Amino acid sequence: MDLEAQGIARLPQYKDNPGKVAFVQGALTGELVTYEVTREKNRFEKGKVQEIHEAAFFRKKPYCQWFGYCGGCSMQHIDMRTQIALKQRVLEDNLWHLGKVKAELLLRPIAGPQWHYRYRARLSVVNRSIKKGTVLVGFHEQKGAYVADMTSCEVLPKSVSELLIHLRNLMMSMSIRDRIPQIEVAVGERMAGENDLEGGGETIALVLRHLLDFTSEDLECLKKFSELHHVWIWGQSKGIESVLPIYPLTGSLFYKIPEFGVTLNFLPSDFTQVNPQMNQVLVGKAIQLLGLECGERVLDLFCGIGNFTLALATKVSEVLGIEGSKELTQRAQSNAHDNKLKNVSFKSADLFKVDKLALLSWGVSQRWLIDPPRDGAFEIVNTLAQIKKDALSEELLYLPKRIVYVSCNPATLARDAGVLVHQVGYELKQAGMINMFPHTSHVESIAVFDLKI
Ligand SMILES: C[S@@+](CC[C@H](N)C(=O)[O-])C[C@H]1O[C@@H](n2cnc3c(N)ncnc32)[C@H](O)[C@@H]1O
């Protein structure tokens, strides 16, 4: 199986056929299936399962009725243990094949709730056909560029899943409905109000990407929708800087990390981790793995709104968070202020353009946390390699003794690990996966590097 959960088989050799490789959608390891060929090439072919003659013991009945059609999930037909094992193997394979490194210790996979975990999503909007007069709101189909005709989703929070059908109706009522291609969903916690005896709950924010201005009737509909369904509606007419509230006009979303007693405010357009429960575990685990000691200074690279930075600041004497987006850096600063944390500072910098001068300007820190986007942190690890190569004793002090690297792409983690181990002199002590995105092929992982003495 590959990570998209396609079965891979080598066909038997016969006559002039050299034994092609077949990638079969819907087939699992060890199964005997009949499939329909959907694409044929000289050295490989692609296909789709027609009949399963012998099913794998780990095959499961998908929980969601849209599975196989909607492109949101690719692994619901595989039991959770096997999904996790598959992702763990992807991590190990990448580390070995791309980075030529092996972790001394593999961490036990970290897993959480399987359903209703996805607190951030991009839904597409499409006018089905002028004749049918309906609008679809949802994820893309698994194959093809169309939007799936889905009315529920098992990985979105229940409150958001229940909104899907109402969102169709809302879009239908918009005069500019063919100029609204996307709705971003961001969910935060809800403030316990005076009349809210249970407290907590969720606040849903919807950001409507619109290519034309809303009419006053449209705005009235949005206001009514917001009041009826208790959601916040925002609009985005151009780039990220144009994200503005429509109704209500004030307020920000927030989430808490109770283990560290911190609260983070964010706007619906800000980067936040998709799965808030696993995020709490991830922050705790990363901080535990950093092995902090009192009086140390820590760097948090790609710090976003301060997700790890604030928690770190409750444990050490000084933290510096560095982030590329000015808006996120400002949010991180105001989050530190709201949490009354004075030992933390932030800096805005492009971490894909790092040189030795920039790195030395960050100061000496014994421990670094790195949590880059999918592209990884190649420039940073290469700069560390440069410092090591130049071997100037006063610069070698800038190499942190421990790096904890949180990654959403095992391929770039493996590439960067290769540089850290083979060029800078780190040892890959531990690595493991966090099941941040159950039923999808996304692999989130964490790795610990120690500088060899
Ligand atoms: C995976 S997110 C992690 C954010 C944060 N650590 C968290 O847990 O919420 C990666 C972060 O890198 C930032 N980023 C993307 N490209 C960057 C760049 N070239 N330089 C610095 N930061 C960048 C993004 O804005 C985002 O906040």
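View 1. Ile-233 has Tyr-247 as its bridge partner in β11. The model shown here is predicted. Strand β10 covers residues 231-236, and strand β11 covers residues 243-247. The two pair in the antiparallel sense over four bridges.

**View 2. The cis peptide bond at Tyr-247 and Pro-248.** Tyr-247, the partner of Ile-233, is joined to Pro-248 by a cis peptide bond. Omega is about -10 degrees at this bond. Pro-248 sits in the loop between β11 and β12, and β12 spans residues 253-257.

**View 3. The backbone at His-116.** His-116 is not a glycine, yet its phi is positive, at about 55 degrees. The residue lies in the loop between β5 and β6. Strand β6 takes in residues 120-129.

**View 4. The open sheet of eight strands.** The strand order is β5-β19-β20-β18-β17-β14-β15-β16, with mixed pairing. The edges are β5 (105-106) and β16 (344-348). Each has a single partner strand, so one side of each is left without a neighbour in the sheet. Strands of a sheet pair through backbone hydrogen bonds, either parallel or antiparallel.

**View 5. Strands β14 and β15, with helix α6.** β14 (residues 297-301) and β15 (residues 318-323) run parallel and are joined by five bridges. Val-298 has Val-319 of β15 as its bridge partner. Helix α6, residues 326-338, packs on the sheet and touches β15 and β16. The directions of α6 and β16 make an angle of about 170 degrees.

**View 6. The shell around the ligand.** The ligand is surrounded by 19 residues. The closest are Phe-302, Gly-304, Asn-307, Gly-324 and Leu-351. By class, the shell holds ten nonpolar, six polar and three charged residues.

View 7. The protein chain contains ten helices and 20 strands. Its radius of gyration is 24 Å, close to the 22 Å given by the globule rule for 453 residues, so the chain is as compact as a globular protein of that length. Along the principal axes, its C-alpha atoms fill a box of roughly 75 × 70 × 40 Å. The domain assignment gives domain 1 (6-59), domain 2 (88-113 + 274-451) and domain 3 (120-252). The centres of domain 1 and domain 2, taken over C-alpha atoms, are 40 Å apart.

How values were computed: Residues numbered from 1 in each chain as written. Predicted model: local features only at pLDDT ≥ 70, side-chain atom pairs only at ≥ 80, totals over all residues. Near = placed C-beta within 6 Å. Nonpolar A, V, L, I, M, F, W, Y, C, P; charged D, E, K, R; others polar. Pairing = 2+ DSSP bridges. Contact = placed C-beta atoms within 7 Å. Axes fitted to C-alpha atoms, helices over the stretch in contact; angles between N-to-C directions. Domains from an automatic or database assignment. Rg over C-alpha atoms; globule rule 2.2 N^0.38 Å.
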